Amino acid sequence: MPESPQSLFDALAQDYESMRRELKWDPFVHIREAFHDMSLKDLDILDAGCGTGECTRWLAQQGAKPYGIDISDEMCFIAADRSENIPYLAHDLSEPLPFGNARFDAVIALGCLEYIENIEATVAEFARVLKPNGMFLGCFERYGDDCPGKNEKNVVFFDEWMRYRQSETEIRQMHEKYFKSIEITPVRGFLLEETNEYTQYLRVIAKGLRQ
Ligand SMILES: C[S@@+](CC[C@H](N)C(=O)[O-])C[C@H]1O[C@@H](n2cnc3c(N)ncnc32)[C@H](O)[C@@H]1O
């Protein structure tokens, strides 16, 4: 039985921050870039798969009102311990989100979607809780199954109904180099703004379209 992300990250939680530095996973590159031209003051931001809350705290320092969610109780516990006045919730992102429609100005999911089996449902929930024109920032690892608990199939959630700037063929060609298998998964409700390869990570920025 492969280890579940929950038990994997419960076990990693205590040392996660030093481990991610060693692994050179830097989510801050992506949030800084995604939000570089906007004020975060008072923005409601969902940090999905927040881990120990490093990004969640950074968002709060910029004046945002972040909300962290993670499947790992241990991650949430440590995040809460290291943060002041930031709500954290232990919740599986495969399940519906416990928020009303259009609750957030932005949703970020950094280094987390690759652990979720059915991201269609998860990303549809992100679309539901985002305000119209709200920003979705997703960033996930492109390479194979190097991490226990990670999805065997690599998922790419572009869709032919979304108006992306690159064609589906271009996206397939770009990813065939790296992915064992590619799923172009339908996710309605987003306008794709940018896709970007960054080291071994792929970044996606999209706007919520839900009215
Ligand atoms: C690689 S860490 C990334 C943490 C943080 N976002 C960062 O960039 O440092 C992945 C996180 O996703 C969480 N995660 C994995 N599957 C999840 C799920 N189904 N629901 C919620 N969180 C999940 C893990 O518990 C872990 O904290």
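Predicted model: local features only at pLDDT ≥ 70, side-chain atom pairs only at ≥ 80, totals over all residues.
**Overall fold**

- Strands β1 and β4 run parallel to each other and pair over four bridges.
- Within that pairing, Ala-48 has Ala-109 of β4 as its bridge partner.

**The nonpolar core**

- The largest nonpolar core holds 43 residues.
- Ile-45, Leu-46, Ala-48, Ala-106, Val-107, Ile-108 and Leu-137 are the residues with the most contacts inside this core.
- Helices that give two or more residues to the core are α3 (27-34), α4 (54-61), α5 (73-82) and α6 (119-129).
- Strands that do so are β1 (44-48), β2 (65-70), β4 (104-110) and β5 (130-141).
- The element that gives the most to the core is β4, with six residues.
- Strand β4 is also mostly covered, as seven of its seven residues are buried.
- As general background, nonpolar side chains in soluble globular proteins tend to be buried together.

**Helix α6 and its buried face**

- The buried residues in α6 include Ile-119, Thr-122, Val-123, Phe-126 and Val-129.
- Looking down the axis of α6, the buried residues fall within an arc of 125°, so they line one face of the helix.

- Cys-76 sits in helix α5.
- Cys-76 counts as buried because 23 other C-beta atoms lie within 10 Å, and the cut-off for a buried residue is 20 or more.
- Leaving aside residues up to four places away in sequence, Cys-76 touches Asp-70, Tyr-88, Leu-89 and Ala-90.
- Gly-49 is 27 residues from Cys-76 in sequence, while their C-alpha atoms are 9.6 Å apart in space.

**Around the ligand**

- The ligand is surrounded by 21 residues.
- Phe-9, Gly-49, Gly-51, Ile-71 and Leu-93 are the closest of these.
- Sorted by class, the shell around the ligand contains twelve nonpolar, five polar and four charged residues.
- Helices α1 (5-12) and α4 each supply at least two residues of this shell.

- Ala-102 is not a glycine, yet its phi is positive, at about 50°.
- The place of Ala-102 is the loop between β3 (88-90) and β4.
- Ala-102 is partly exposed because its count of other C-beta atoms within 10 Å is 16, which falls between the limits of 12 or fewer for exposed and 20 or more for buried.
- Asn-133 is likewise not a glycine and has a positive phi, of about 70°.
- Asn-133 is exposed because 11 other C-beta atoms lie within 10 Å, where 12 or fewer is the cut-off for exposed.

Notes: Residues numbered from 1 in each chain as written. Core = buried A, V, L, I, M, F, W, Y, C linked by C-beta atoms within 7 Å. Contact = placed C-beta atoms within 7 Å. Near = placed C-beta within 6 Å. Nonpolar A, V, L, I, M, F, W, Y, C, P; charged D, E, K, R; others polar. Pairing = 2+ DSSP bridges. Arc of directions from axis to C-beta.
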